[in-house]
Amino acid sequence: MCQLLGMNCNVPTDICFSFEGFAARGGKTDDHKDGWGIAFFEGKGCRIFVDEKPSIASPVAELVRSYPIRSTHVIAHIRKATQGEITLENCHPFRREMWGRYWVFAHNGDLPDFQLGSTKYYIPVGNTDSEKAFCLILETLRTAFPYGKPSLRELYSVLQQVTQKLASHGIFNYLLSDGEYFFTHCSTKLCYIVRQAPFVAAHLIDQDVTVDFSELTTPSDRVAVIATTPLTDNETWTAIAPGELLAFQDGLPVQI
């Protein structure tokens, strides 16, 4: 299966520390060698990097590791292919426009018997089940709200319905964001941690790297990091329950 990494925070923050450990899973500490990608929301803009090379050997990943891009919404993915060739168009995360905003999606899992069918607005470029699922999500939301972006509560209700439909076809862990809303769905395995004052040092599992966040933050900063499995070995991560769809805002899961 693939691996997911997400970040949602209340102030623009770089993800260099988490990405350092995450990227190692793409060929060094794990066997996810079939491409990788990462998207950063910056205002209404979205900076996205993808590469079909393993993240541990990708010059593009090296750039991301050393380039502290600050964002409040980040979605990253390292791929272990189940459907679709190892090509650039099949690398996550995928990006589309809806309601005048970019939407970004990454999936961990396998939907072996899912067929997209005909769609009016969104057509896959590659041939993964993941991109087909993303197209169905956006098609469903756009059809339900043809006049523009709804409230978080309204959107969550429809998103939960289409998510349950897709999850019935197999394993469907995902991250989804438009730079304002940030959603996570757990089918089998996903967890998160909220870092806020008082900040402490954290040590990566996949690399021998420690960062003392008290030296890099202000007391009002708050950052939620979401990952397939914990990235650090000296912090307490919260497991997301199978079947749970969470929305994050300003570095915290919100009640809807």
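In which loop is Pro93 found? Pro93 sits in the loop between strand E4 (71-78) and strand E5 (94-98). The views below come from a predicted model, in which local features need pLDDT of at least 70, side-chain atom pairs count only at pLDDT 80 or more, and totals for chains, interfaces and linings use all residues. Residues are numbered from 1 along each chain as its sequence is written, and side-chain values use heavy atoms, with hydrogens and water left out.

**View A. A cis peptide bond joins His92 and Pro93.** Omega is about -5° at this bond. Pro93 belongs to the loop between E4 and E5. Strands (E, at least two residues) and helices (H or I, at least four) are DSSP runs, numbered from the N terminus. Cys91 is buried, at 3% relative accessibility. Buried means under 20% relative accessible area, exposed over 50%, and partly exposed in between (1.4 Å probe, protein chains only).

**View B. The peptide bond from Ala197 to Pro198 is cis.** Its omega is near 0°. Pro198 lies in the loop between strand E9 (191-196) and strand E10 (201-203). Most peptide bonds are trans, and most residues other than glycine have a negative phi.

**View C. Trp99 has a positive phi.** The value is about 55°, and Trp99 is not a glycine. This residue is in the loop between E5 and strand E6 (101-110).

**View D. Asp250 also shows a positive phi.** Its phi is near 55°. Look for Asp250 in the loop between strand E14 (245-249) and strand E15 (252-254). Asp250 is partly exposed, with a relative accessible area of 45%.

**View E. Cys16 and Cys9 are too far apart for a bond.** A disulfide is a covalent bond between the sulfur atoms of two cysteines. Here it is counted when the two sulfur atoms are within 2.5 Å. The sulfur of Cys16 is 12 Å from the closest cysteine sulfur, which is in Cys9. Cys16 is buried, at 16% relative accessible area. The whole structure has zero disulfides.

**View F. Helix H4 spans residues 152-167.** H4 has 16 residues. From first C-alpha to last, H4 reaches 21 Å, close to the 22 Å expected at 1.5 Å a residue. The expected span is 1.5 Å times one less than the number of residues. Buried residues of H4 include Leu152, Leu155, Tyr156, Leu159 and Val162. An α-helix has 3.6 residues a turn, so residues three or four places apart point the same way. Among the elements covering the buried residues of H4 are helix H3 (129-144), strand E7 (171-177) and strand E8 (182-185).

Terms used: Contact means heavy atoms within 4.5 Å.
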